[in-house]
Amino acid sequence: MDSIKYTTNNAILGLLLEQQELEEVKQEVGLVSNGGEYETHAGKFFTTADFLTLRDKATVGLGSTNFTGLVAKKYDGLNDGQLVFDADGYARVGDEGSLQMIATRENTPMPNGIAYYDETSRSFKTKAESSLSVENAAKLGGFSSSNYARTDVDETFTKGVTVEEDLNVKKAINLSNDAGDSYGVLKNDAGKLLWQGEDVYTALNANKSN
């Protein structure tokens with residue numbers, strides 16, 4: 001009986017030592033029990049593998065508001081930074097709650113090309129500037145900008161001009177024919193309205209008296 005008891009005690013002791021070694025290993029690698037699961041709490045993590053696998057054995061996709069990826073706790077002392085993927089495969093980066101989508105580009109962009117977003121590939125591609133569609137770039141209100149008057153050069157109007165309110169003329173109005181021959185000049189001269197050099201107000205009053 002004593003021999004059997006001795007053997008039993010050795011078996012129990014062996015189990016206890018094995019359990020102690022396991023606990024020491026757990027502490028060494030930072031393995032912490034969290035309910036029915038274990039978490040690894042370690043200052044550094046090294047691996048020779050090329051990939052870190054997240055959501056191993058997952059059977060369903062992410063929800064529309066869920067992400068998977070890496071979290072950097074309080075990187076600035078306050079915010080938690082994230083580098084994550086959503087259910088559509090888009091990568092996002094930023095603070096938790098205010099993530100921004102990461103823009104990608106084609107593998108071989110055109111040197112000095114103009115970037116544009118391609119919805120089919122979900123990435124930025126490039127085109128030569130001359131190939132871009134700029135149909136309305138030289139238009140104002142849908143009309144060619146050449147149809148609009150400029151204030152820095154002399155302009156010629158080939159159509160009638162209608163002024164529904166006041167027309168302010170600081171210098172003169174020159175009436176001429178198609179050849180450019182002047183019929184007369186209506187001029188503002190220091191507050192006097194002159195037609196061909198004659199005071200229009202004086203002339204009108206003279207005609208009125210007659």
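Which residue stands opposite Val84 in S4? Gly69 does.

## Model and confidence

This is a predicted model; local features need pLDDT of at least 70, side-chain atom pairs count only at pLDDT 80 or more, and totals for chains, interfaces and linings use all residues. Residues are numbered from 1 along each chain as its sequence is written, and side-chain values use heavy atoms, with hydrogens and water left out.

The mean pLDDT (the predictor's confidence in each residue, from 0 to 100) is 76 for the protein. Of its residues, 68% reach 70 or more. Confidence is lowest in helix H1, residues 2-29, with a mean of 55. It is highest in strand S4, residues 81-85, at 92. Over residues 1-8 the pLDDT is below 50. Beyond near neighbours in sequence, that stretch has zero contacts (heavy atoms within 4.5 Å) in the model. Helices (H or I, at least four residues) and strands (E, at least two) are DSSP runs, numbered from the N terminus.

## The S3-S4-S5-S6 sheet

Four strands make an open, antiparallel sheet in the order S3-S4-S5-S6. Two strands pair if DSSP finds at least two bridges between them. S3 and S6 (98-101) are the edge strands, each pairing on one side only. Neighbouring strands of this sheet are turned by 20 degrees against each other on average, direction ignored.

S3 (residues 68-72) pairs with S4 over five bridges. S4 also pairs with S5 (residues 91-95) over five bridges, and here Leu83 has Val93 as its bridge partner. Five residues lie between the strands of the S4 and S5 hairpin, where Gly89 takes a positive phi near 85 degrees. Four bridges join S5 to S6. Asp95 stands opposite Ser98 in S6.

## The S11-S12-S13-S14 sheet

A further open sheet has four strands in the order S11-S12-S13-S14, with antiparallel pairing. S11 (172-176) and S14 (198-199) stand at the edges, each with a single partner strand, so one side of each is left without a neighbour in the sheet.

Inside, S12 (residues 182-189) and S13 (residues 192-195) pair over four bridges. Lys187 has Leu194 in S13 as its bridge partner.

## The largest pocket

The largest pocket is lined by 17 residues. Glu155, Phe157, Val169, Ala172 and Ile173 lie nearest its centre. The lining divides into nine nonpolar, three polar and five charged residues.

Technical notes:
1 Å grid on protein atoms, 1.4 Å probe; cavity = no way out; pocket = protein on both sides within 12 Å on 5 of 7 lines; lining within 4 Å. Nonpolar A, V, L, I, M, F, W, Y, C, P; charged D, E, K, R; others polar. Axes fitted to C-alpha atoms, helices over the stretch in contact; angles between N-to-C directions.
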